[in-house]
Amino acid sequence: PETLESISKVIEDTDADVITFKMSSDLKKTKRGESGKFYNKKAIEKYIFPYLLEDKNGKYFKPSVCGAAYRRRIYIENQVKNCRIEIGEDLACMKSIIFNANSLYEMNDVFYFYRRNILSATMSHKVFLWNGPELIGKHIESKININSFDMKEQLNRVVTHQLFLVVKSQFNRKERYIDIRRDIISNLNNEYYKQAINNCKY
């Protein structure tokens, strides 16, 4: 009930470009937390950029699109357009937003109750399209300075991580193993994916 009022107060107090808050699938945990933390641009670069996409230990910045409020301009500039990404669209949009934000406020309040849908893309036994990881990677490349910090290395991990999910999903197909294997090998020869895999260091 107090979500919008609480976010509004943070906007008034901090004028942050992005405000994140916690999410839970357990109603018992939807309560107020401790006071949050403000990051200016230098603090974002120092504390969040090292794992914004995905660091060498597999750690990454987690808030999703529905777990945050944004300055309208920065959201519109970084949202995914002109293509449909089945899984990982939040990732592509959110990482770009944080990279381009001048300020961020992390709230510790749980304001989003996440109802798990067994028919959703992430929960069902769906077969994901092969072009997804490439669309995610190219969207991020178009929105951030990929040559700054270690973003190129981090992006290789993101693409490879997403590609793993796509490969794994292929075994949900009702086809012979040998045919699925042949299709996987063929798609892994995509030049974009070969570059990401060969340069993906953990």
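Let's start with helix H2, residues 41-48. Helix H2 lies across strands S2 and S4. Its direction is about 105 degrees from that of S2. Keep in mind that this is a predicted model.

Now the other helix on these strands. Helix H1 covers residues 3-14. H1 lies across S1, S2, S3 and S4. Against S4, which is residues 103-113, H1 runs at about 175 degrees.

So what is the sheet itself like? Which order do its strands take? The order is S2-S4-S1-S3. That is an open sheet of four strands, and the pairing is mixed. Which strands sit at the edges? Strand S2, residues 37-40, and strand S3, residues 68-70. Each of these edge strands pairs on one side only. On average, neighbouring strands in the sheet are turned by 25 degrees against each other, direction ignored.

Look at one pair up close. Strand S1, residues 18-24, is joined to S3 by three bridges. S1 and S3 run antiparallel. Find Val18 on your screen. Opposite Val18 you will see Tyr70, in S3.

Next, a pair of helices. Two packed helices are described by two things: the angle between their axes, and the distance between the axes. Take helix H4, residues 89-100, and helix H5, residues 132-143. What is their angle? About 15 degrees. How far apart are the axes? 9 Å. Angles under 35 degrees count as roughly parallel, so H4 is roughly parallel to H5. The crossing of H4 past H5 is right-handed.

Which residues meet there? From H4, we have Leu91, Ala92, Cys93, Ser96 and Asn100. From H5, we have Ile136, His139, Ile140 and Lys143. Sort the residues of this contact by type. Five are nonpolar, three are polar and one is charged.

Last stop: Leu52. Where is Leu52? In the loop between H2 and S3. Is Leu52 buried or exposed? The relative accessibility of Leu52 is 0%. Buried means under 20%, so Leu52 counts as buried.

What does Leu52 touch? Set aside its neighbours within four places in sequence. Then Leu52 is in contact with Tyr60, Phe61, Lys95, Ile98, Phe99, Met151 and Gln154.

One more distance, this time to Ile11. Leu52 and Ile11 are 41 residues apart in sequence. In space, C-alpha to C-alpha, Leu52 and Ile11 are 23 Å apart.

To recap: H2 lies across S2 and S4, H4 is roughly parallel to H5, and Leu52 is buried. Thanks, everyone.

Definitions and conventions:
Residues numbered from 1 in each chain as written. Predicted model: local features only at pLDDT ≥ 70, side-chain atom pairs only at ≥ 80, totals over all residues. Heavy atoms only, no water. Pairing = 2+ DSSP bridges. Helix = DSSP H or I, 4+ residues; strand = E, 2+ residues; numbered from the N terminus. Axes fitted to C-alpha atoms, helices over the stretch in contact; angles between N-to-C directions. Contact = heavy atoms within 4.5 Å. Parallel < 35°, antiparallel > 145°, perpendicular 65-115°, else oblique. Left-handed = near helix turned anticlockwise from the far one by under 90°. Nonpolar A, V, L, I, M, F, W, Y, C, P; charged D, E, K, R; others polar. Buried < 20%, exposed > 50% of the residue type's maximum accessible area, 1.4 Å probe, protein only.
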